[in-house]
Amino acid sequence: MRRWKGGQRAFFEYHCWESPLSADAHLWKRTRQWVTVIRRLTRQEACNDFDMHAVRFDDGLVGHVFGDELLRRSHGRSTT
């Protein structure tokens with residue numbers, strides 16, 4: 001599992017319910033976009049044991065996403 005740090009760029013790939021009715025529809029609509037990792041959430045903030053991060057999309061939206069939704073590459077491009 002990759003450890004993401006604040007300031008790193010990652011490619012966001014949404015892995016949950018893909019529907020406008022989803023509570024996370026605002027994230028689903030932004031799938032397959034580059035984000036900037038703000039920080040890893042604490043267990044208390046995440047309300048579970050999952051690896052979650054606060055991220056900022058290029059349009060300014062800040063959201064909480066699962067670590068497995070953050071990728072290093074997309075379409076042959078690397079975040080490094």
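Modeller: Happy to! One definition first: two strands count as paired here if DSSP finds at least two bridges between them. By that rule E1 and E5 are a pair, antiparallel and joined over two bridges. Please keep in mind that this is a predicted model.

Let us start with the sheet. It is open and has five strands in the order E4-E3-E2-E1-E5, with antiparallel pairing. Strand E4 (62-66) and strand E5 (70-71) are the edge strands, each pairing on one side only. In general, strands of a sheet are held to one another through backbone hydrogen bonds, in a parallel or an antiparallel way.

Now to the rings, which form three aromatic pairs in the structure. Phe11 and Trp34 make an edge-to-face pair, because their planes are at 65 degrees, with the ring centres 5.3 Å apart. Phe11 belongs to strand E1 (residues 9-12) and Trp34 to strand E2 (residues 33-40), so this pair links distant parts of the chain, 23 residues apart. Both Phe11 and Trp34 are buried.

Phe12 and Phe57 form another edge-to-face pair, with 5.5 Å from centre to centre and 90 degrees between the planes. Since Phe12 lies in strand E1 and Phe57 in strand E3 (residues 52-57), the pair ties together parts that are 45 residues apart in sequence. Phe12 and Phe57 are buried as well. Ring pairs also bring in Tyr14, which joins Phe12 and Phe57 in a cluster.

One more residue is worth a visit while we are here. Asp58 is found in the loop between E3 and E4. With 58% relative accessibility, Asp58 counts as exposed, whereas Trp34 is buried. Leaving aside residues up to four places away in sequence, Asp58 touches Arg9 and Trp34. Asp58 and Trp34 are 24 residues apart in sequence, and their C-alpha atoms are 7.2 Å apart in space. With Arg9, the side chain of Asp58 makes a polar contact, side chain to side chain, at 2.9 Å.

How values were computed:
Residues numbered from 1 in each chain as written. Predicted model: local features only at pLDDT ≥ 70, side-chain atom pairs only at ≥ 80, totals over all residues. Heavy atoms only, no water. Phe/Tyr/Trp six-rings, centres within 6.5 Å; stacked < 30°, edge-to-face > 60°. Helix = DSSP H or I, 4+ residues; strand = E, 2+ residues; numbered from the N terminus. Buried < 20%, exposed > 50% of the residue type's maximum accessible area, 1.4 Å probe, protein only. Contact = heavy atoms within 4.5 Å. Polar contact = N/O pair within 3.5 Å; in protein donor to acceptor, adjacent residues only side chain to side chain.
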